[in-house]
Amino acid sequence: MAGLLDGRVALVTGASSGIGEAAAIALAKAGARVALSARRADRLATLVQRIEATGGSAIALPGDVVDEAAAKAAVERTVAHFGRIDILVNSAGVIQSGTIENCDTAEYRRVLDVNLLGTLYTCSAAIGPMKAQGGGDIINISSQASRKVAKIFNSYSASKFALNAMSEGLRQEVGGYGIRVCQLLPGATRTEVADHVSDPALRSAMQAHVGKEGAVEASEIADAIVFVAALPKHVNVDIISIRPTSDTAP
Ligand code: NDP
């Protein structure tokens with residue numbers, strides 16, 4: 001049976017775990033050839049094997065999205081290897097706790113670097129090839145924290161509010177070239193995202209939040225990514241909010 005995304009090529013950042021890993025698997029299952037980027041090369045190599053074992057096609061492009069040259073090289077190497085880039089999923093992201101008084105500014109900067117600027121670098125690099133092909137899909141993984149601020153995760157909210165602004169401006173910039181841009185806003189999703197929070201108490205609280213009964217599964221976010229990419233070319237779903245049914249916050 002023909003796949004929804006047969007013939008398409010996707011680059012997924014943050015593909016070594018969580019939503020990015022699930023997106024890579026779902027995109028490959030739908031027929032796309034996938035390039036996988038993140039820092040943990042061992043995880044990417046395992047994922048390449050897993051995708052190839054099911055008949056898919058994948059390459060690992062280890063790198064740090066904060067390194068502008070490396071982030072742009074991931075796009076260039078995708079095009080060099082597969083001949084094109086149709087879908088860019090920016091899932092690389094980190095969360096840290098912290099308020100403004102006594103702010104650890106290095107940590108704050110790091111969150112903005114990964115979540116906002118890392119995404120900007122790959123988006124910027126993908127526009128040229130997508131324009132030349134006559135279109136493409138850019139799906140940026142934002143967060144419910146881009147709609148409401150939790151004071152204890154100030155840098156995270158700031159990065160995701162800014163990411164939405166960058167993504168919306170990009171949508172306005174490139175829609176005329178057939179390039180669709182989607183902001184995808186997950187709520188609590190069962191991944192490793194909380195494991196890297198520095199503060200032990202807040203790490204535990206975040207782990208409980210994303211691992212709670214009824215949390216969204218990464219594969220369910222991945223299904224939405226495939227849905228967006230498979231729509232007719234004239235349809236741009238530009239914002240998706242996905243959260244647990246039990247999340248009754250406004
Ligand atoms: P994970 O921690 O499982 O995945 C994060 C991914 O980002 C990893 O693959 C990690 O790979 C990669 N990454 C982190 N820093 C860098 C870097 N400097 N360069 C390259 N890659 C990097 O968490 P999620 O899957 O949950 O997170 C994915 C996205 O979803 C993030 O943007 C997050 O903010 C967002 N999100 C998640 C929610 C949740 O509840 N899980 C809710 C809302 C949004 P590596 O360490 O190998 O580099």
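Student: Which side chain does the side chain of N140 join in a polar contact?

Tutor: First, the ground rules. This is a predicted model, where local features need pLDDT of at least 70 and side-chain atom pairs count only at pLDDT 80 or more, while totals for chains, interfaces and linings use all residues. Residues are numbered from 1 along each chain as its sequence is written, and side-chain values use heavy atoms, with hydrogens and water left out. Now the idea. A polar contact is a pair of N or O atoms within 3.5 Å; within protein, one must be able to donate a hydrogen and the other to accept it, and residues adjacent in sequence count only if both atoms are side-chain atoms. Here the partner of N140 is N90, at 2.8 Å, side chain to side chain.

Student: Where is N140 placed, and is N140 buried or exposed?

Tutor: Helices (H or I, at least four residues) and strands (E, at least two) are DSSP runs, numbered from the N terminus. N140 belongs to strand β5, residues 136-141. Buried means under 20% relative accessible area, exposed over 50%, and partly exposed in between (1.4 Å probe, protein chains only). N140 is buried, because its relative accessibility is 0%.

Student: Which side chain makes a polar contact with the side chain of D86?

Tutor: That of Q133, at 3.3 Å. D86 sits in the loop between α3 (68-82) and β4. Its relative accessibility is 5%, so D86 counts as buried.

Student: How many residues surround the ligand?

Tutor: A residue is near a molecule if one of its heavy atoms lies within 4 Å of it. The ligand has 32 residues around it, and the closest are S16, S17, R39, Y156 and T191. By class, 14 are nonpolar, 12 polar and six charged. Ala, Val, Leu, Ile, Met, Phe, Trp, Tyr, Cys and Pro count as nonpolar, Asp, Glu, Lys and Arg as charged, and the others, Gly among them, as polar.

Student: Which backbone atom lies 2.8 Å from an oxygen atom of the ligand?

Tutor: A polar backbone atom of T189. For S91, a polar backbone atom is 3.5 Å from a ligand oxygen. A backbone N or O atom of G18 is also 3.5 Å from an oxygen atom of the ligand. The protein covers 96% of the 870 Å² of accessible area that the ligand has on its own. Such areas come from the Shrake-Rupley method with a 1.4 Å probe.

Student: Which elements give two or more residues to the shell around the ligand?

Tutor: They are α1 (18-29), α4 (105-133) and α5 (154-174). G18 is in helix α1. G18 counts as buried because its relative accessibility is 17%. L117 lies in helix α4. At 28% relative accessibility, L117 is therefore partly exposed.

Student: How far apart in space are A45 and S16?

Tutor: Compare sequence with space. A45 and S16 are 29 residues apart in sequence and 9.1 Å apart in space, C-alpha to C-alpha. A45 is in helix α2, residues 41-53. L117 and A162 are 45 residues apart along the chain, and their C-alpha atoms are separated by 9.8 Å.

Student: What is the phi of N102?

Tutor: Most residues other than glycine have a negative phi. N102 is not a glycine, yet its phi is positive, about 60°. N102 lies in the loop between β4 (87-90) and α4. N102 is exposed, because its relative accessible area is 74%.
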